[in-house]
Amino acid sequence: MAAAKPEIRTFLCRSDNIGVLMRDPATGACAAIDVPEAGPVLRVLDETGWSLTDILVTHRHADHVEGIPEVKRATGARVTAPAKAGAEVPEVDVAVAEGDTVRVGDLVGQVWETPGHCADHVTYWFREAGIAFAGDTLFTLGCGRVMESPPETLWHSLSRFLALPDETQIFSGHDYVLSNARFARAADPDNANLKARAEEAERAGREGRFLIPSTLGVERATNPFLRSTEPALARAVELSPGADPTAVFVALRAWKNRF
Ligand SMILES: [Zn+2]
């Protein structure tokens, strides 16, 4: 039997981190994706009455794991984290790697290793629910900063998302949409879908909302990094229209660093 559709809450943590809770209504199991800080996670648990059973960690950076000890103490949640993060994630119960399966009640996710932003980064893909928790790999209109590998590694990780269905919901770890939109418009100025999306981002910013989740279909149409396969983006970085998407991505990522 198909699992019930998960219930989701997203909320701001720290200054621009996104907290996410995902609950399986059939079993009451509930996961936090990363714990940037304890306070907002505990507050949303209190508001919803949900009981936290799991913490799924995307990567070891402090702004994704700092709240774990306090939330684990308060809830007893099981902590699942990338094996490659080792002891840098506190209080890990389950270490996961490429191809492993995670369960939040009846919701089943697959672990993808998606290095590039950092070497231990993983994405949790809940196929049946149509949800990917992309952490700092893929952002609305952007992608993570490359910190620990050649930029080609991040392109390889991002290109895995291109195989997902358009309706897949993409949850990312930060709200950088306004600065991402400015770069995207510079790199892909003739893209009408992007122009509309950038206007939507401005509106959301004024109303205190963030555009997370996005969908893979929207990102495929508007995110310059995922569009490294398009002739328009190759031209934007002064490569020939048929250039290798990896080279286009590397040039776009370097441009964004200077932008
Ligand atoms: Zn990070």
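The legends below describe several close-up views of a predicted model.

The model is predicted, so that local features need pLDDT of at least 70 and side-chain atom pairs count only at pLDDT 80 or more, while totals for chains, interfaces and linings use all residues. Residues are numbered from 1 along each chain as its sequence is written, and side-chain values use heavy atoms, with hydrogens and water left out.

**View 1**
The zinc ion is coordinated by His-59 through NE2, His-61 through ND1, His-117 through NE2 and Asp-136 through OD, at 2.2 to 2.5 Å. Donors here are N, O and S atoms within 2.8 Å of the metal (3.2 Å for Na, K and Ca), and because water is not among the atoms, sites may look incomplete. Along the chain, the donors of the zinc ion follow the spacing H-x1-H-x55-H-x18-D. Distant parts of the chain are linked by the pair His-61, in the loop between β4 (54–56) and α2 (62–65), and Asp-136, in the loop between β10 and β11, which are 75 residues apart. Helices (H or I, at least four residues) and strands (E, at least two) are DSSP runs, numbered from the N terminus. The arrangement around the zinc ion is irregular because the four donor atoms subtend angles of 87 to 178 degrees. Four donors count as tetrahedral if all angles lie between 85 and 135 degrees; four count as square planar and six as octahedral if opposite donors are over 155 degrees apart and all others between 65 and 115; anything else is irregular.

**View 1. The residues annotated as a binding site.**
In an unreviewed entry, UniProt places the feature "binding site" at Asp-63, His-64, Asp-136 and His-174. Although these residues are spread over 112 residues of sequence, they cluster in space, with a largest C-alpha distance of 10.8 Å. UniProt positions are given in the numbering used here, with feature names shortened, and annotations may be inferred rather than shown by experiment. Asp-136 lies in the loop between β10 (131–135) and β11 (138–139), and His-174 in the loop between β13 (169–172) and α5 (177–187). Asp-136 is buried, with a relative accessible area of 3%, and His-174 counts as buried at 3% relative accessibility; buried means under 20% relative accessible area, exposed over 50%, and partly exposed in between (1.4 Å probe, protein chains only). The side chain of His-64 is joined to that of Asp-136 by a polar contact of 2.9 Å and to that of His-174 by a polar contact of 3.3 Å. A polar contact is a pair of N or O atoms within 3.5 Å; within protein, one must be able to donate a hydrogen and the other to accept it, and residues adjacent in sequence count only if both atoms are side-chain atoms.

**View 2. His-121 beside Asp-136.**
His-121 is placed in the loop between β8 (107–113) and β9 (122–126), and at 1% relative accessibility it counts as buried. The side chain of His-121 reaches the backbone nitrogen of Asp-136 at 2.9 Å and makes a polar contact of 3.2 Å with the side chain of Thr-137. Leaving aside residues up to four places away in sequence, the residues that His-121 touches include His-59, Trp-112, Glu-113 and Ala-134, where contact means heavy atoms within 4.5 Å.

**View 3. Helix α5 and Arg-197 of helix α6.**
In α5, Val-177, Asn-180, Ala-181, Phe-183, Ala-184 and Ala-187 are buried. The elements covering these buried residues include β11, β12 (142–143), α6 (192–206), α7 (216–222), α8 (231–236) and α9 (245–258). Arg-197 is found in helix α6 and counts as buried at 8% relative accessibility. Among the residues that Arg-197 touches, not counting those up to four places away in sequence, are Thr-140, Leu-141, Val-218 and Glu-219.

The peptide bond from Ile-212 to Pro-213 is cis, with omega near 5 degrees, and Pro-213 is placed in the loop between α6 and β14 (214–215). Arg-14, in the loop between β1 (7–13) and β2 (17–23), has a positive phi of about 50 degrees although it is not a glycine, and at 39% relative accessibility Arg-14 counts as partly exposed. Glu-238, in the loop between α8 and α9, has a positive phi of about 60 degrees although it is not a glycine, and at 75% relative accessibility Glu-238 counts as exposed.
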